[in-house]
Amino acid sequence: MYEKEIEQAKEQLRKIDSPQTLEEFRVRWLGRKDGMVTQAMKKIAELPKQERAEAGQSANRFKSIIETEFELVKQQLEQATHKQTVVDPTWPGTVPPSGSIHPVTQMIFKIWEVFSDMNFKICEGPEIETDWNNFEALNVPKHHPARDMQDTFYTPGGFLLRTHTTATNARVILGEQRKSPIRILSTGKCYRRDSSLRHSPMFHQFDGVMIDKDISMSNLKWTLEVALSKTLEQEIKVRLRYSYFPFVEPGAEFDVTCTICAGSGCAVCKHSGWLELGGCGMLHPNVLRNLGLDPKEVQGWAFGFGIERPMMIKHRIPNIRLFFDNDPRFLSQFQAPSV
Amino acid sequence: MKVIQSWLADYILRFNISPEKLSALLTARAVEVDEVLDLKDKLQSIVVGKILTMEKHPNAARLRVAKVSLGAKRLSIVCGAPNIYAGMYVAVAQPGAHVVDMQSGEWKQLEAATIRGVASEGMIVGADELALATGAAAQNERLVMDLTEVAKDTHVGKSIVSVLDVSPVYDLDVLANRPDLMSHRGVAKEIAGLLKLKYTEPTLSLPKARSKKAPITIQIQAKRLVPRYAGLVLSGVKFQPSPLWMQHRLRRAGIRPINLVVDVTNYVMLDVGQPLHAFDLDKVVKFMRVRESKKGEKLMTLDGKQHELPPGAIVIEDGSGLIDLAGIMGGQSSMITDQTQRIFIQAAVFSPERVRMTSRALGHRTEASGRYEKGVSPVLVDQALQLAYDLLHRLMPSVQLESMVDIKQPVSAPVQVVIRTAKTNSLLGSRVTPQQIETVIKTLGFTVLKKTQDSLKVRPPLHRLDVKIEEDVIEEVGRYMDYNSLPKTGPVLQLEPAPTTDAIRLRPMIFSTLATAGWTEVMQLSFTNAQHIKLTGKTEKEYMRLVNPMSEDQAFMRSELLSTLVTLAKKHLRLGTTPKIFELAKVFIAQGTDWAEIPHLAGMTVGKDSFAQVKGGAEALLKRLHIDQVRFEPATHWAFYPDTCLSLKLGKESIGTIGQINPELAKQLGVDQPCAGFELSYDQLIHLTSPRFAYQDIPVFPNIILDISVIIPENIQWKAVEEVVRNFGGEFLSEVKPFDIYTGDPIPKGKKNLAFRVEFQAKDRTLEMSEAENARTQIVAQLNQKWGANLR
């Protein structure tokens, strides 16, 4: 049964060359209401019971053949249509226009992440500070020669632009009146009257402090090596040099290998092969007392490093001023933060 | 501080170490070495020559042509130095040798040259041209080195290394608390300790003075500021230059030789660390009084500079007036001249704070003030005077010690410190034994006064003014062992949540929201200047001016970010980039003598759709921070075009403003195209975030969405249309959103086609289409009635 219809359908399928003719065929043969196949199926119900099985089989075969053939032609037609849309696979993909986060901010975010993971409280503070928080509390009285190391901008009324974020740590400890344990990391803008390849009158620092009963210099070494390797995303070599900062005793200068020249000496590292990140050491008892702590009970370490410097190390940026020139050709290189 | 290795070797037995090793040792454990100047190889090719004859240069009055013997050969050399003479032994550079070019300061290879028509086969060189004079001594004197004192005919043709010391010079960055390292003896002591070598110094003494009484009275009024004032009165002084060996050491250390008396005072300072000053005693009138200056007093120092003094400077006056700026520089009236016969050599200790204060106030820094500021140990006075006398007497035998002065104020007892082994190990994280501590401490010159099982009572050496408390001694132990030998140990602390503020916690998310939306973060200096302030039309009163700016260009603190972003945009546009920039920074707003320091978040972009970009940025932020109560309300702002200015408001409080930047202002700042910006208070923005947002049930019944497109007058703003839609859209209206605006053909002039989408939703049933359609009819009718709107 239905051989004639099948032949007829196949004949028509051969002529299909557009979505319209395809649709016409579908309506005519497979349409729900009046399609030939639907009609054939409907007719089965009208037959006497004993004929239904056989007729049903034929009708199902009829249906299946038409559907299969139809699908085949439909697919062929679709493929043909696709070919008509020319795709140039070498054309750049559509990427939504993206901005970027400033490299210094990226470094700050990274530092926050690393030190938060190590249970530090992340803080920020005012950029205009009191002489007390910035100097006096940190064992740097007026007319102390150490003030020369941090040539200071003064604002009216005897205040100053903070020269280091240590001032913020002092402020936080004083404000919280907390005894121990203390773990604080502060970041932010600092200011010193200095301008060169390595110095900008405005720069950023991160400053850490850890105070408890038995905190040692070897804890400081461990923490800095772990945290800085994570922050710089590479194994770094560090060295501590005997140095003097009035707020720490023992005090040290903290250096990491210069990655610009790999230690062989270049203009950025003043041909030493090392880059100074900043000062660190064990908090001076006077500082602990000034912060409302008892040096007989607690001790701790502190460090204060520049943020631009590690960025310069990481990305081999030769001049600190590039950070604040905001040249689009500089900024756009930091679109994708390192993963 | 520059130290010469051979000079150090005078005080250290069996001192033999490479410059690299010494540098590394000092840098890690005592004092950072900024630079090592090792000339051994460079100067091999510079040879000793002897001037045989001299002739005038035929074409130049100031030049002469010298015939110079180098032993095997003779050279004809054109020379401009006024101090050459026949028979003089000189240093000669032949073509191919390296000398310092005085213009650039760089080493250059010498070439044969013809100078004003006469061939010169080499160069007779000065100390500065061989880097044998540094710093202040390297100012081109046009003089060449006279080696006659040390060279003989047997040296002629040989390298000058055979007659001159060229051992390495170390430029030390001496720490502020280690004034003891401001001298060769001090550095030698330190090195001897670190290398476990023997430090030795000659024992000198003063002869008996001819008189017990000084020829003039010396009175110390500022006793508190002058703990010790001593000196020698010497007669029989003649005017003569110092010997070559002394000049050579001074020049290499950066000090210009003047004459024997002055050179000896400088030499002793570099050797012992005690600044000395020599007065011409015959020019001192009647008496010397050491006192504090009064404001406005005047004094001319020996460099010819007239100073108007601040109050409280330590000065010395005689019967005629001020003669000395103590601790900084002597006065001109009593300086050493070729007439000087009697001198007073002063060795004093002055208050570090006071010298520093005066030196800074006058902007006058000297070798002496640099040492006094850090602190000069009173024990150096005797050594310094002994050495000064010894040198002067040896080099000028006519010198006699007439009398001595030594006025001492009572000194506090020497410091005693207890160092505990347990505290040492706790602070350093080390495992040192009491024996190790004792060994280190003794090697560094400390005296052990008392020993218990777990502590030592020690007295620091007299030159170590910096050691006062236990931690100072612990530092000595730590640095002697080298900090780098300490173990690395993780700290053990109680675990607790590390709380932080939302302003910090949310920032990475806020910044990435903006960056993803195409905004680029910039970071500018916090300073601004009068010229920029003027361009913005603001007044300087609103700005905080720094007391001591680096330059007028950076004299004020920014009080807003927006205008500086526009200035930056100019730069981006010039480079062909469309700026879409934002910045988070503190602004400083002067309020009389007070000020406010507020973090601002600002941004700007340019282009026809800049306003929409800016508003979109603000909306994206509000949405991301779950701030849904904020309304955009018309406002005015100094930077924005009035009709486009919107304030972000919650109740009466405004968290910031957005708008089209006033074209006049933009033009002033260098941007000649439409631009828009925003400036928000970062803290207020953060304050409005809510950690939680309410979940709303998903509607059970389907909604009906209809798009409506009407033609209305062009000047009707969306907000007005929206109001009508919301008022007349019926109870099931759930959402209204505009999606297209069109003007131009075929829309009549003065009209625009506005398309918006309305959604209808009932909570308890499926709406009939007719209900929505009725609402649409209502809306259109109202729009028609109000503005003659037609459905399109």
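1. A network of salt bridges links seven side chains of chain B, namely Arg178(B), Asp180(B), Glu190(B), Arg464(B), Asp466(B), Glu476(B) and Arg479(B). The model is a predicted one, and the values in this note are computed from it. As background, side chains of opposite charge can pair when their charged atoms come close.

2. Arg464(B) sits in the loop between β26 (455–459) and α11 (470–481) of chain B, whereas Glu476(B) belongs to helix α11 itself, so the pair ties together parts that are 12 residues apart in sequence. Are these two side chains buried or exposed? Arg464(B) is buried because its relative accessible area is 3%, and Glu476(B) is buried as well, with a relative accessible area of 0%.

3. In chain A, a salt bridge joins Arg61(A) to Glu3(A), and the closest N and O atoms of the pair are 3.3 Å apart. Since Arg61(A) lies in helix α4 (residues 49–84) and Glu3(A) in helix α1 (residues 3–15), the bridge ties together parts of chain A that are 58 residues apart in sequence. Arg61(A), at 42% relative accessibility, counts as partly exposed, and Glu3(A), at 44%, is also placed in the partly exposed class.

4. Another salt bridge of chain A brings together the side chains of Arg193(A) and Asp151(A), at 3.8 Å from N to O. The pair links distant parts of the chain, 42 residues apart, with Arg193(A) in the loop between β5 (182–191) and β6 (202–212) and Asp151(A) in the loop between α6 (131–134) and β3 (154–155). Arg193(A) is partly exposed at 26% relative accessibility, and Asp151(A) is partly exposed with a relative accessible area of 28%. Over all chains, the structure holds 55 salt bridges.

5. Which residues have the most contacts inside the largest nonpolar core? They are Phe115(A), Tyr229(B), Met288(B) and Met604(B), in a core of 235 residues. Helix α8 (residues 380–395) of chain B gives the most to this core, contributing nine residues. Leaving aside residues up to four places away in sequence, Phe115(A) touches Phe120(A), Ile122(A), Leu185(A), Phe206(A), Ala227(A) and Phe303(A). There is also a second, separate core of 27 residues, which includes Ile46(B), Val48(B), Met145(B) and Val156(B).

6. Chain A contains an open sheet of three strands in the order β2-β4-β3, with antiparallel pairing. The edge strands, each of which pairs on one side only, are β2 (128–129) and β3. Strand β3(A) pairs with strand β4 (residues 159–161) of chain A over two bridges in the antiparallel sense, and Tyr154(A) stands opposite Leu160(A) in β4(A).

7. What is the overall form of chain A? Its radius of gyration is 38 Å, well over the 20 Å that the globule rule gives for 339 residues, so chain A is more spread out than a compact globule. Along the principal axes, the C-alpha atoms of chain A fill a box of roughly 115 × 45 × 40 Å. Chain A has 12 helices and 10 strands, and 55% of its 339 residues count as buried. Among its contacts between residues at least 6 apart in sequence, 66% join residues at least 24 apart. The accessible surface of chain A comes to about 15700 Å², and 53% of that surface belongs to carbon and sulfur atoms.

Technical notes
Residues numbered from 1 in each chain as written. Chains lettered and ligands numbered in written order. Predicted model: local features only at pLDDT ≥ 70, side-chain atom pairs only at ≥ 80, totals over all residues. Heavy atoms only, no water. Salt bridge = Lys/Arg side-chain N within 4 Å of Asp/Glu carboxyl O. Helix = DSSP H or I, 4+ residues; strand = E, 2+ residues; numbered from the N terminus. Buried < 20%, exposed > 50% of the residue type's maximum accessible area, 1.4 Å probe, protein only. Core = buried A, V, L, I, M, F, W, Y, C linked by side-chain atoms within 4.5 Å. Contact = heavy atoms within 4.5 Å. Pairing = 2+ DSSP bridges. Rg over C-alpha atoms; globule rule 2.2 N^0.38 Å. Areas by Shrake-Rupley, 256 points an atom, 1.4 Å probe, with all protein chains shown as cover.
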